[in-house]
Amino acid sequence: MPVTAPVRVFILDDHEVVRRGVRDLLEAEDDIEVVGEASTAREALARVPATRPQVAVLDVRLGDDQGGDHAGIEVCRELRALMPELACLMLTSFDDDEALFDAIMAGAAGYVLKQINGADLITAVRRVASGSSMLDPRTTARVMERLRGAEQQPPAEPSEAAQLDGLTPRERQILDLIGEGLTNREIAERLFLAEKTVKNRISSILAKLGVGRRIQAAMLVGRVREHRG
């Protein structure tokens with residue numbers, strides 16, 4: 001029988017003990033090879049394309065990054081834009097519906113809690129590497145419920161339209177590109193801005209709109225467009 005190459009895995013977590021634990025666990029398997037690791041979003045975005053893993057195990061929350069509570073999800077979004085074939089497995093300590101929804105919208109193939117036992121994590125890596133999803137039926141149902149809820153939202157209120165009118169022309173440009181599903185890097189390239197500038201502008205946009213997530217901002221602008229015809 002032909003020898004199958006091991007599954008190439010990259011690990012992103014801001015806690016060294018967690019990274020070491022996951023690395024040791026995975027490298028004990030003959031069919032898995034850890035090709036790199038990072039503790040920050042910046043490191044991951046630089047190292048993952050160079051190491052060409054099949055699976056990226058990404059911590060949802062990265063304490064030292066500017067991406068907020070869900071910085072790891074933004075890394076997933078950016079990496080999937082660069083490497084559509086990459087399977088991202090999100091790892092988190094919190095059962096957070098908002099993070100789950102954002103992760104799936106960012107293209108994650110799976111979402112597991114850090115309380116998962118070692119054997120199940122190994123199974124999850126193998127499954128997403130093979131092209132399967134690590135989202136159980138209950139998780140899928142929750143996401144579909146959120147999507148249906150977004151579709152059934154009432155028309156935009158005048159106050160929401162006023163919020164958009166309070167944005168600068170550049171902020172409106174960036175918000176429109178978020179609505180098209182572009183990553184921070186793609187927005188920066190499209191508008192000839194530094195990626196850090198885009199991140200700062202997005203933080204300002206979310207604050208002005210009174211929302212905490214990119215997807216909420218995109219949905220708001222969609223409602224206003226519908227209302228205005």
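Helix H3 (residues 71–82) packs against helix H9 (residues 184–191) at an angle of about 60 degrees, and their axes lie 8 Å apart. Helices (H or I, at least four residues) and strands (E, at least two) are DSSP runs, numbered from the N terminus. Axes are lines fitted to C-alpha atoms, for helices over the stretch in contact, and angles run from 0 to 180 degrees between N-to-C directions. This is a predicted model, in which local features need pLDDT of at least 70 and side-chain atom pairs count only at pLDDT 80 or more, while totals for chains, interfaces and linings use all residues. Residues are numbered from 1 along each chain as its sequence is written, and side-chain values use heavy atoms, with hydrogens and water left out.

**Contact of H3 with H9**

- From H3, Glu74, Glu78, Ala81 and Leu82 meet Asn184, Arg185 and Glu186 of H9; contact means heavy atoms within 4.5 Å.
- By class, this contact of H3 with H9 has four charged, two nonpolar and one polar residues. Ala, Val, Leu, Ile, Met, Phe, Trp, Tyr, Cys and Pro count as nonpolar, Asp, Glu, Lys and Arg as charged, and the others, Gly among them, as polar.

**The sheet**

- Five strands in the order E2-E1-E3-E4-E5 form an open sheet with parallel pairing; two strands pair if DSSP finds at least two bridges between them.
- Strand E2 (32–38) and strand E5 (110–113) are the edge strands, each pairing on one side only.
- From one strand to the next, the twist averages 25 degrees.
- Four bridges join strand E4 (residues 87–92) to E5 in the parallel sense, and Leu89 has Gly110 in E5 as its bridge partner.
- Helix H1 (residues 16–27) packs on the sheet and touches strand E1 (7–12), E2 and E4; the direction of H1 makes about 165 degrees with that of E2.
- H3 also packs on the sheet, where it touches E1, strand E3 (55–59) and E4; the direction of H3 makes about 180 degrees with that of E4.

**Strand E3**

- E3 is largely enclosed by the rest of the structure, because five of its five residues are buried. Buried means under 20% relative accessible area, exposed over 50%, and partly exposed in between (1.4 Å probe, protein chains only).
- Val55, Val57 and Asp59 are buried on one side of E3, and Ala56 and Leu58 are buried on the other.
- In a regular strand the side chains alternate between the two faces of the sheet.
- E1 pairs with E3 in the parallel sense over four bridges, and Leu58 in E3 is the bridge partner of Leu12.
- E3 and E4 run parallel and are joined by five bridges; Ala56 has Cys88 in E4 as its bridge partner.

**Cysteines**

- The whole structure has zero disulfides, a disulfide being a pair of cysteine sulfur atoms within 2.5 Å.
- The sulfur of Cys76 is 3.7 Å from its closest cysteine sulfur, in Cys88, which is too far for a bond.
- Cys76 counts as buried because its relative accessibility is 0%, and Cys88 is also buried at 0%.

**Helix H2**

- In helix H2 (residues 41–51), the residues Ala41, Ala44, Leu45, Val48 and Thr51 are buried.
- Seen down the axis of H2, these buried residues fall within an arc of 155 degrees, so they line one face of the helix. The arc is that of the directions from the helix axis to the C-beta atoms.
- The cover over the buried residues of H2 includes E1, E2, H3, H9 and helix H10 (195–209).
- Arg42, Ala46 and Ala50 are exposed on the face of H2 turned away from its buried side.
- Arg52 follows H2 and has a positive phi, near 50 degrees.
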